[in-house]
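Subject: Structure handover

Hello,

Here is the structure for your files.

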Amino acid sequence: MLEHRNRQGVTLSESNSSTCSSRKHSNGRRRLAGIPLLTATSALLILVVLLSACGGTSTGASTSQATSTSSIKKHDTGCTPQATLPANVGAPPAAFDTGANVITNFNFARQQEGCTVSLNIDPAAYDAATPQMQMLMLFNAERQDRGLPAVQLDSTLLSQIDLNHSKEFVQYNYFAHPSPVNQPGGKNDSSSRITVNQAFKGQLCCAEIIAAGQTTAAGAVYDWMYQDADSAWGHRDNILGFNSNLDTNFGHYTWVGIGIATGGSFGIYYAADFLQDSAATPYTPPATADTQAPP
């Protein structure tokens, strides 16, 4: 089952939400269930929400300063971005245990969508990276290999927000975009969780994706990109920066936060939020991480 909602008329001052979830069954195939709040006793799930014009917070699993990828520019490729695929691609041929196997698996999936561009990551650098940085590498490879601009990691604010949300999944045994405990101004939605931070005032925010139970960052990104038919490819759209409520272009979003927490019923939880700079006042992450837990 799937629930994927789009509210029309999105502008920089209005919000849009779209929720998708996926469930991993014992046979390894994924199906999607549109359930607003899921306990961690459910099967493996992936949800996505699209929110526009939210003020956002970001912090990552790391407390380092924001990592810039601005030196990595948009480049042309022979792989045309696609918002949807005809169907889920087949199961990957290898494990996601090494950078070399990650390249093999993503190339296998890309070939099934008609894209012959090889996944552009350095396998040695990938193997040496943290799961947070591995996910960033894959987000940018999926974008840049299709001629789209890279996103920068905000490790000091947006990633911390995502880390806090992932930690909530573990501590409070739930899995959903709305939080039962972090409710600024009495609101529990993802947009409010981000816009409460004045640092994001005026920015275009954002696309949120969450996942649970995937043992590797690559496994989560693979499902978001290539096993997402039942969600109408909403997760894929977020990664490639496509939001039909804004326009028909790919490549939206300039920043991303990534938070990963281990423990709980599913063993590991991922949360990522994408943010787009305001043309008038581009976003600048705080110099140091906000490590204070949400109220």
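Which side chain meets that of Glu 113 in a salt bridge? The partner is Arg 146, at 2.9 Å from N to O; a salt bridge here is a side-chain nitrogen of Lys or Arg within 4 Å of a carboxyl oxygen of Asp or Glu. Glu 113 lies in the loop between H1 and helix H2 (123–128) and Arg 146 in the loop between H3 and E5, so the pair ties together parts that are 33 residues apart in sequence.

This is a predicted model: local features need pLDDT of at least 70, side-chain atom pairs count only at pLDDT 80 or more, and totals for chains, interfaces and linings use all residues. Residues are numbered from 1 along each chain as its sequence is written, and side-chain values use heavy atoms, leaving out hydrogens and water.

Glu 113 has a relative accessible area of 9% and is buried (under 20% relative accessible area; 1.4 Å probe, protein chains only). Arg 146, at 3%, is buried as well.

Arg 110 forms a salt bridge with Glu 142 (2.7 Å, N to O). Arg 110 lies in helix H1 and Glu 142 in helix H3, so this pair ties together parts 32 residues apart in sequence. Asp 145 also forms a salt bridge with Arg 110, with the closest N and O atoms 2.9 Å apart. Relative accessibility is 2% for Asp 145 and 0% for Arg 110.

The structure holds five salt bridges. Arg 110, Glu 113, Glu 142, Asp 145, Arg 146 and Arg 236 are linked in a network of them.

Regards

Terms used
Helix = DSSP H or I, 4+ residues; strand = E, 2+ residues; numbered from the N terminus. Buried < 20%, exposed > 50% of the residue type's maximum accessible area, 1.4 Å probe, protein only.
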